[in-house]
Amino acid sequence: MVALSSQGSRISAGSRGVCGLLRSRPLVPYREGPLAYEPTVVCVCNRKAPRWISWSDDNPGRRYYRCSQARTDGDCGFYVWYDPDHTTFMKNLLLDLRNAVWELRSKAEEIAELKEINDLLSSENKEKVLVVMAQQKDLEERSQQLALLANKISSRSSCSLFCCGFVMLLVGLFFGLMLGAM
Ligand SMILES: [Zn+2]
């Protein structure tokens, strides 16, 4: 086992265009839990140190022990490699595989986001279609009411025209009679 001065990280930056969230998840499912190994290795603060897999640019696929309190105030800084250094070929191979996994995850994430947006838009569209249909129905009802009103008005005006003509006729007769009597 080799002690290391700098803190390598499973989530260290490296490849292009992939968000940190995707990288923070383990690249491959662990075959055994980080604490399910034997014999126990304890850190400076006397706790069993979890064994993780590094996916950093320098040490892809290489296991290491780290203090269980890493990245907290109680971190004793314990950091020891379990696997020996890989050959350059293995390192590059693992880096290519790591980047392929990150890229696929990124695409899966994008597809999930697009699907979410699509679902949202289609549900909004459905609501809008319902609103438009309700408005259309309302317009049809109003137009029917207007047509009825127009019919009533035209029948009343023809009636009043008839009444007016009748009165004129009576007035004419009256004046005619008056003139005849004179
Ligand atoms: Zn510790």
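Read from the N terminus, the elements of this protein follow the order β-α-β-β-β-α, which amounts to 2 helices and 4 strands. Helices (H or I, at least four residues) and strands (E, at least two) are DSSP runs, numbered from the N terminus. The model is a predicted one, in which local features need pLDDT of at least 70 and side-chain atom pairs count only at pLDDT 80 or more, while totals for chains, interfaces and linings use all residues. Residue numbers start from 1 along each chain as its sequence is written.

The pLDDT, the predictor's confidence in each residue on a scale from 0 to 100, has a mean of 85 for the protein, and 84% of the residues reach 70 or more. Over residues 1–18, however, the pLDDT is below 50, although this stretch has 30 contacts in the model beyond near neighbours in sequence. Two residues are in contact if their C-beta atoms, placed from the backbone, lie within 7 Å. Where pLDDT is low, the predicted coordinates should not be read in detail. Among contacts in the protein with a separation of 6 or more, 51% link residues 24 or more positions apart.

Two strands pair if DSSP finds at least two bridges between them. S2 and S3 run antiparallel and are joined by 4 bridges, and S3 also pairs with S4 in the antiparallel sense, over 3 bridges. Tyr65 takes part on both sides: Arg51 stands opposite Tyr65 in S3, and Val80 is the bridge partner of Tyr65 in S4. Because 4 of its 5 residues are buried, S3 is largely enclosed by the rest of the structure. A residue is buried if 20 or more other C-beta atoms lie within 10 Å of its own, exposed if 12 or fewer, and partly exposed in between, with C-beta atoms placed from the backbone.

Of the 182 residues in the protein, 9% are buried. The largest nonpolar core has 5 residues, namely Cys43, Ala49, Tyr64, Tyr65 and Cys67. Such a core is a set of buried Ala, Val, Leu, Ile, Met, Phe, Trp, Tyr and Cys residues joined through C-beta atoms within 7 Å. Leaving aside residues up to four places away in sequence, Ala49 touches Val41, Val42, Cys43, Tyr65, Arg66, Cys67, Ser68 and Phe78.

Several backbone features in the loops also deserve a look. Most residues other than glycine have a negative phi, and most peptide bonds are trans. The peptide bond from Glu38 to Pro39, by contrast, is cis, with omega near -5°. Pro39 lies in the loop between helix H1 (20–24) and strand S2 (51–54). Asn46 belongs to the loop between H1 and S2, and its phi is positive, near 65°. With 7 C-beta neighbours inside 10 Å, Asn46 counts as exposed. Arg71 is exposed because 10 other C-beta atoms lie within 10 Å.

Finally, Asp96 is found in helix H2 (residues 88–181). Asp96 counts as exposed, since it has 12 C-beta neighbours inside 10 Å. Asp96 and Pro60 are 36 residues apart in sequence, and their C-alpha atoms are 9.8 Å apart in space.
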